[in-house]
Amino acid sequence: MKRRGRLAGAVLAILVAVTTPAAPAFAVPYEQVEGTGSTWSANALQQWVTGVQTTGNRVVYTANGSSAGRRDFSNFQSDFGVSEIPYQTRPDPVTGVVEEARREFAYMPIVAGGTSFMYHIEVGGRLYRDLRLSGETIVGIFTNRITKWNDPAITRDNNGRALPAIDIVPVVRSDGSGTTAQFSLWMDKQHQRQWRDYCGCQGLTSYYPRKGRQVAQSGSDNVANYVAAGSGNGTIGYVEFSYARNKNYPVAKMLNRAGYYVAPTDHNVAVALQEARINTDRSNPREYLTQVLDGVYASSDRRAYPLSSYSYMILPVDVNDRRMTPGRARALADYAYYSICEGQRNAGQLGYSPLPRNLVQAGFDQIGRIAKLSAEDRTDKDFANCPNPTFDPRNPGVNKLAREAPNPPECDRQGQGPCGAAGGGPRPTGTATPPPGGGTPSGGVPSAGTSPSAGAPPVDLDGDGIADVDPETGQPILAGGSETDLVGSATEVAAFRQDGTSRWLPVLAAGLVLLVVLLPALVTRSLARRPEPRR
């Protein structure tokens, strides 16, 4: 019987060893990491800071402008930076500043979105929400050639509907800004003569050359606050769409190359960024993954929003980087990984657009290069389960969000509309009237729950705050109707972050309990049935 007991114990020990999953190899505890930079991207970055807190990761992000973010990183004052543009090795045409990165780095695309034109125009004491502007008109406004809201160029964009004869007050950035850089680059590429005559310079600048009645504010949040203030009637500023959306303030629909006025929704940005040219030369780390947006500006797709772009996280990659420790490396990698995967699920709801598959895949490679990141602490190994709304497992080469983007309604075609109530009349603050025939609300902030008809309300399966559309018809999906296979609501970060082995821990634990309870009895019973050997 002793021999039987020893045998049962040995079998049990082997089974326990085989079925017990190995403990995670994270020997390095998190250390707090600090980043600075872009205000254009800040609403998404701060949301993701909150998202990783559930795992004990501590990230501090200070939105002080892209220029400051690049400078802080270069001077070893931060662990990472965020910027809409790369380091500028040529003198800024306004300040003459030349940037030098005194630290080895890698760019990682992190946030995509649309630079929008948030405005405040009151008609009869109510906020007007149906403004449409061509590129030429926008440049005219921000170079002081168009100074009244009833200017013929604005009236023409709005198909003959004249706005009040009040002064236009452009609100620009006072700090070094990636938003300014993207806006000025677009003006220099698409409306070169007007921009260069005004600026007296060539190319992009991070520092807007303020003149006339323009008002300058530091940071996207202060630009948005100034426009939305009670005294802001007549103002217009340039900010990432997220800021207008957070305040439920309208943005101008922008005329694209196809002749349609479109809003900077996540769908329209995704469509436009399909035309971005990405630098894929790995031998030049100073330019790898940077963007060339000429094709975006000139996209002939009727859905494309012309001022679409993405920003970069600047990561430390030098093995001798003096700010990096293994604990900071693990924390930064975990935050970056969450940002380009789980965090992208709520990008649309925040007023941004999820990164496409090719940029996420490249981001995985960049995360693996973070200084002092050991092999066992790498967190960039689960691309197959990265829950990004642009991914289509059945067709990896297609951007799912762009494929499902609805066409704009005909009332947003040049010479038609506008699409607002009664042909574009003013609507009260906080409302969003759908255009005829369905679609998202005109000019303002698209909102879930706005019915395109008197029937059933539309559904919002992916939780991005925008009514989902049928990919075949481009019309909203109504409650009680058919549903698409859009990604559902976000999962908890802890569940997503665990690797494949860890996900099975509850099942394995239950199986182990059963083995511990039942195995000795089963083995003893089996041995008891065997005949005793003859002596």
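The model is predicted: local features need pLDDT of at least 70, side-chain atom pairs count only at pLDDT 80 or more, and totals for chains, interfaces and linings use all residues. Residues are numbered from 1 along each chain as its sequence is written, and side-chain values use heavy atoms, with hydrogens and water left out. Helices (H or I, at least four residues) and strands (E, at least two) are DSSP runs, numbered from the N terminus. An open sheet of 8 strands, a second open sheet of 3 strands and a pocket of about 1200 Å³ are among the features described below.

**The sheet of 8 strands**

- The strand order in this open sheet is S2-S1-S3-S15-S4-S10-S8-S9, and the pairing is mixed; two strands count as paired if DSSP finds at least two bridges between them.
- Strand S2 (59-63) and strand S9 (215-217) are the edge strands, each pairing on one side only.
- From one strand to the next, the twist averages 25 degrees; axes are lines fitted to C-alpha atoms, for helices over the stretch in contact, and angles run from 0 to 180 degrees between N-to-C directions.
- Strands of a sheet pair through backbone hydrogen bonds, either parallel or antiparallel.

- Strand S3 (residues 80-83) runs antiparallel to S15 and is joined to it by 3 bridges; Val-82 stands opposite Met-313 in S15.
- Strand S4 (residues 105-119) also runs antiparallel to S15, with 9 bridges between them.
- Gly-113 has Ser-309 in S15 as its bridge partner, and Pro-109 has Tyr-312 in S15.

**The sheet of 3 strands**

- This open sheet has the order S7-S11-S12, with mixed pairing.
- Strand S7 (132-133) and strand S12 (261-262) are at the edges with a single partner strand each, so one side of each has no neighbour in the sheet.
- S7 and S11 run parallel and are joined by 2 bridges; the bridge partner of Leu-133 in S11 is Met-254.

**Helix H12**

- Helix H12 (residues 326-340) has 15 residues and spans 21 Å from its first C-alpha to its last, close to the expected 21 Å; the expected span is 1.5 Å times one less than the number of residues.
- H12 is largely enclosed by the rest of the structure, because 13 of its 15 residues are buried.

**The largest pocket**

- The largest pocket holds about 1200 Å³ of space; on a 1 Å grid over the protein atoms alone, a pocket is an open set of points where a 1.4 Å probe fits, with protein on both sides within 12 Å along at least five of seven lines, and lining residues have an atom within 4 Å of a point.
- Grid points are joined across faces, edges and corners, and the volume is the space filled by probe spheres set on the points.
- The lining has 44 residues, of which Pro-86, Tyr-87, Gln-88, Thr-89 and Leu-204 are the closest to the centre of the pocket.
- Helix H3 (66-74), S4, helix H6 (178-190), strand S13 (277-278) and strand S14 (291-292) each supply at least two lining residues.
- The lining has 17 nonpolar, 13 polar and 14 charged residues; Ala, Val, Leu, Ile, Met, Phe, Trp, Tyr, Cys and Pro count as nonpolar, Asp, Glu, Lys and Arg as charged, and the others, Gly among them, as polar.

**Backbone points in loops**

- Most residues other than glycine have a negative phi, and most peptide bonds are trans.
- The bond from Gly-417 to Pro-418 is cis, with omega near 0 degrees, and Pro-418 lies in the loop between helix H15 (400-403) and helix H16 (493-497).
- Asn-248 is not a glycine, yet has a positive phi of about 55 degrees; Asn-248 lies in the loop between helix H9 (241-246) and strand S11 (253-255) and is partly exposed at 28% relative accessibility.
- Lys-372 has a positive phi near 70 degrees, lies in the loop between helix H14 (357-367) and H15, and is partly exposed at 32% relative accessibility.
- Asn-407 lies in the loop between H15 and H16; the C-alpha atoms of Asn-407 and Arg-302 are separated by 6.8 Å, although the residues are 105 apart along the chain.

Methods:
Buried < 20%, exposed > 50% of the residue type's maximum accessible area, 1.4 Å probe, protein only.
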